[in-house]
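Colleague: I've got this one open in the viewer and would like a walk-through. Can we go feature by feature, with the general idea and then the case at hand?

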Amino acid sequence: MAQKNRYLFRGRISERKFRDLLRLFALDITADRAAVLTGLNHKTAAALYGLLRLRMAELAQQDCPFRGQVELDESYFGPTRQHGKPGLGKGRGVKGKVPVFGILERGGRVHYQIVKNCSKTTLLAIIEGRVELSAEVVTDGFRSYDGLVEAGFKRHHRINKYWQRDRPVFSENGVHINGIESFWSYAKRRHAKFNGLRKTSFPTFLKETEFRFNAREKDLYKILLKSCRMKPLRR
């Protein structure tokens, strides 16, 4: 008879093995490496990693409206050697790239999600549902951010990105979107780590990256262990 596991419904591994694997997952160690370090079968480790990512995606949805100073920006994930159309930049207009919209509360959380397009209508619907009207909103000069004041946001600052010594500058007179740009860099480094990530896995990957970023100053292992104890993972 399989030993009962409080963290995994009908789990066939011991709680000690589960905790060992969870520690490695919290450290962002790949499933392949974790299988070797824990002595678990590769398929078992990969399956548990998948369940943990789904749990993180579930936890990432539990947030409240963004307030204070809020940065908005969109980015594009896909082939790294492709560039945006002339005059658009940042991967805009490139086939095969996935558009992703992000919201960052300075000193706090980030939320981002895949969007069908980055039109004004699409982005405004997300912004109005996630950001308080009293927030101080900062964006770049992308035209889809036109009309935020008309939509009811009291303060909207814009930074028009320019180039200096072949490097993009995202700050001008104290107005910047450095926070969300730093997050995009972090997310794309993680994305590159999972070379050949399946398209069906991408949405879960996004929420996992979001959750890791938001919990960067917390003990991710303890957060997930508590969540799994209160609501065991199910295969």
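Predicted model: local features only at pLDDT ≥ 70, side-chain atom pairs only at ≥ 80, totals over all residues.

Colleague: Where do lysine 207 and glutamate 210 lie along the helix?

Modeller: Both belong to H6 (residues 202-214), three residues apart, which is about one turn of the helix. There is also a network built from salt bridges that share partners: it joins Asp28, Arg53, Arg190, Lys193, Glu208 and Arg212.

Colleague: How many salt bridges does a search of the whole structure find?

Modeller: The search finds 18. Take the one between the side chains of lysine 231 and glutamate 58, at 3.0 Å from N to O. Lysine 231 sits in the segment after helix H7 (220-230) and glutamate 58 in helix H3 (residues 42-60), so this pair ties together parts that are 173 residues apart in sequence.

Colleague: And how do I read burial for that pair?

Modeller: Buried means under 20% relative accessible area, and exposed means over 50%. Lysine 231 has 45%, so lysine 231 is partly exposed; glutamate 58, with 35%, is partly exposed as well.

Colleague: What about arginine 6 and glutamate 15, whose side chains meet in a salt bridge?

Modeller: That one is 3.0 Å from N to O. Arginine 6 is partly exposed because its relative accessible area is 43%, while glutamate 15, with 14%, is buried.

Colleague: Now the sheet. In which order do the five strands come?

Modeller: The order is S3-S2-S1-S4-S5, in an open sheet with mixed pairing. Strands S3 (110-114) and S5 (155-159) stand at the edges with a single partner strand each, so one side of each has no neighbour in the sheet. The twist from one strand to the next averages 20°.

Colleague: How do I see the mixed pairing strand by strand?

Modeller: Look at the bridges. S1 is joined to strand S2 (residues 98-105) by eight of them, running antiparallel, and leucine 72 has isoleucine 103 in S2 as its bridge partner. On to S4 (residues 136-140): three bridges join S1 to S4, and these strands run parallel. There, valine 70 is partnered with valine 137. S2 and S3 pair in the antiparallel sense over five bridges, with isoleucine 114 in S3 as the bridge partner of valine 100.

Colleague: Which helices should I look at around those strands?

Modeller: Helix H4 (residues 120-130) packs on the sheet and touches S1, S2 and S3, its direction making about 30° with that of S2. Helix H5 (residues 178-193) lies across S1, S2 and S3, at about 35° to S1.

Colleague: Is strand S1 mostly covered or mostly open?

Modeller: Mostly covered: eight of the nine residues in S1 (residues 69-77) are buried. As a general idea, side chains in a regular strand alternate between the two faces of the sheet.

Colleague: Glutamate 74 lies in strand S1. Why does glutamate 74 count as buried?

Modeller: Because its relative accessibility is 0%. The side chain of glutamate 74 makes a polar contact with the side chain of tyrosine 145, at 2.7 Å. For a check on chain distance against space, take glutamate 74 and phenylalanine 142: they are 68 residues apart along the chain, with C-alpha atoms separated by 9.4 Å.

Conventions: Residues numbered from 1 in each chain as written. Heavy atoms only, no water. Buried < 20%, exposed > 50% of the residue type's maximum accessible area, 1.4 Å probe, protein only. Helix = DSSP H or I, 4+ residues; strand = E, 2+ residues; numbered from the N terminus. Pairing = 2+ DSSP bridges. Polar contact = N/O pair within 3.5 Å; in protein donor to acceptor, adjacent residues only side chain to side chain. Axes fitted to C-alpha atoms, helices over the stretch in contact; angles between N-to-C directions. Contact = heavy atoms within 4.5 Å. Salt bridge = Lys/Arg side-chain N within 4 Å of Asp/Glu carboxyl O.
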